[in-house]
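Let's take a walk through this structure together, one region at a time. Have the sequence and the 3D view ready, and follow along as we go.

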Amino acid sequence: MKLKTRICKRSSLKNTETAQERSKESSSYPLSCVDWSSNEEIYFVSDDHQIYKWSDVSRDSVEVAKLPDDFIPTDLDWLLLGGRSSGGGKGSDTLLISSNDGRFVILNKSARVERSISAHTAAISSARWSPDGAGLLTAAEDGVVKIWSRSGMLRSTVIQSDEAIRCARWAPSSTAIAFSQGGHISIKPLAANSKLIRWRAHDGLVLSLSWSSQSNIIASGGEDFRFKIWDAQGANLFNSAAEEYAITSVAFNPEKDYLLVGTFNMLKLCHSTGWSYSSARFTAPSVGSFHTLAWSSDGTQVACGTSTGQLIVSYAVEQQLISRNLKATSTSRKSIALQDMANGTNDVLDFPQRVINFALGYGHLVVATTHQLHIYNEKYVNTPIIIDGRNDVRIIEVGKKVSVAN
């Protein structure tokens with residue numbers, strides 16, 4: 001399996017000197033606030049205060065709003081109650097952005113500010129909606145973690161300490177919070193009278209955390225050039241070899257057993273247990289350190305923000321499935337190679353839309369794209385059954401007589 005990457009445009013360029021100078025100036029800001037508003041659109045904002053929306057269809061970015069000049073963003077997260085299908089969310093979808101002066105703002109789907117709240121006395125390092133959508137957390141350099149309602153009302157102060165909090169993440173069940181202070185990681189269950197779990201994780205600062213919704217394990221990246229994997233009780237499951245630079249970002253895939261690791265000028269695609277599939281290095285141009293990684297909800301793409309202000313979209317190719325005499329290999333976002341190893345035939349199957357998932361078994365290949373389901377019989381590869389209207393297919397099971405897609 002390999003990782004394919006492409007550097008996206010930060011903003012639409014016009015053939016004017018002013019627009020070119022503005023684009024050049026804005027791209028120098030680090031990009032640490034990136035998230036998907038649907039499986040086809042990315043919202044991002046940096047220190048230039050401009051909120052942009054990048055479209056996978058047009059492959060370009062447009063400005064959708066502007067934050068106040070004294071608001072320097074530090075984190076961004078979408079709450080998508082309308083679902084993350086390619087059609088986008090609904091009016092109830094909400095955008096959360098935090099700042100370096102202790103404030104956070106809640107914006108609606110049109111990027112209009114609904115609430116602006118002064119939450120901390122220092123910079124907010126993490127602001128995240130809970131997986132169940134019931135509330136949000138803020139963690140800051142003042143050593144405090146707070147939980148708020150969806151409308152921005154304070155519910156509780158979970159942690160109060162004198163040590164700055166670098167990163168915080170929800171448990172997939174929304175019943176606990178993991179956060180990092182210095183070289184330590186702590187887990188605070190939200191149940192009454194529960195004890196804090198704390199352990200020494202890295203020799204340097206812990207720079208990033210990710211809590212897997214698939215296997216309930218935690219990944220961490222640190223200044224000691226290593227990424228590590230832990231269970232929910234703090235037991236160490238994996239230690240990586242030392243990389244050349246600090247590990248600035250880690251992110252588990254929401255749908256598959258993948259872990260993406262970001263460092264200076266390099267992305268590494270790993271299995272969730274830690275071993276590496278492949279790496280993508282950036283030398284010309286240099287993109288700097290990867291500050292943030294955000295997977296799309298269907299798990300097929302990841303948006304990356306770098307220290308040089310680049311927006312990079314990556315996806316995995318050469319995923320292979322083998323069943324008896326058949327082997328299916330994804331060769332691009334919209335094509336799959338089907339090989340019959342018994343008679344040596346090879347067919348390249350091209351699709352009009354992006355492939356979300358595929359399964360192989362009992363002489364059949366089932367492929368889900370963004371809006372269709374394609375069913376191939378090994379004897380009639382050129383005449384598939386096509387079902388329209390399906391989107392966001394998460395699971396495909398191929399049986400002897402019946403196939404199920406959900």
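Before we look at any sheet, here is what pairing means: two strands pair if DSSP finds at least two bridges between them. Strands themselves are DSSP runs of E with at least two residues, while helices are runs of H or I with at least four residues, and both are numbered from the N terminus. This is a predicted model, in which local features need pLDDT of at least 70, side-chain atom pairs count only at pLDDT 80 or more, and totals for chains, interfaces and linings use all residues. Residues are numbered from 1 along each chain as its sequence is written, and side-chain values use heavy atoms, with hydrogens and water left out.

Start with strand β16 (residues 184-189), which pairs with β17 in the antiparallel sense over four bridges. Find H184 there: R200 in β17 is the bridge partner of H184. These two strands belong to an open sheet of four strands, in the order β14-β15-β16-β17, with antiparallel pairing. At the edges sit β14 (167-170) and β17 (197-200), each pairing on one side only. From one strand to the next, the twist averages 15 degrees (axes are lines fitted to C-alpha atoms, for helices over the stretch in contact, and angles run from 0 to 180 degrees between N-to-C directions).

Now jump to strand β34 (residues 364-369), which runs antiparallel to strand β35 (residues 372-377) and is joined to β35 by five bridges. H364 has N377 in β35 as its bridge partner, and the two strands make a hairpin with two residues between them. Next, five bridges join β35 to strand β36 (residues 380-388), again antiparallel. Here Q372 stands opposite D388, and β35 and β36 form a hairpin with two residues between them.

How about the aromatic rings? Searching the whole structure turns up ten aromatic pairs. Rings of Phe, Tyr and Trp (its six-membered ring) pair if their centres lie within 6.5 Å; planes under 30 degrees apart count as stacked, over 60 as edge-to-face and the rest as tilted. One of the pairs is F104 with W148, an edge-to-face pair at 5.2 Å centre to centre, with 70 degrees between the planes. F104 lies in strand β8 (residues 103-107) and W148 in strand β12 (residues 144-149), so the pair ties together parts that are 44 residues apart in sequence. Both F104 and W148 are buried (under 20% relative accessible area; exposed is over 50% and partly exposed is in between, with a 1.4 Å probe and protein chains only).

Y245 and F264 make a tilted pair, 4.8 Å centre to centre and 55 degrees between the planes. Y245 is partly exposed, with a relative accessible area of 38%, and F264 is partly exposed too, at 30%. Elsewhere, Y258, W275 and Y277 form one aromatic cluster.

Let's finish with Q50, in strand β4 (residues 50-55). Is Q50 buried or exposed? Its relative accessibility is 14%, so Q50 counts as buried. Leaving aside residues up to four places away in sequence, Q50 touches F44, V45, E63, A65 and K66, where a contact means heavy atoms within 4.5 Å.
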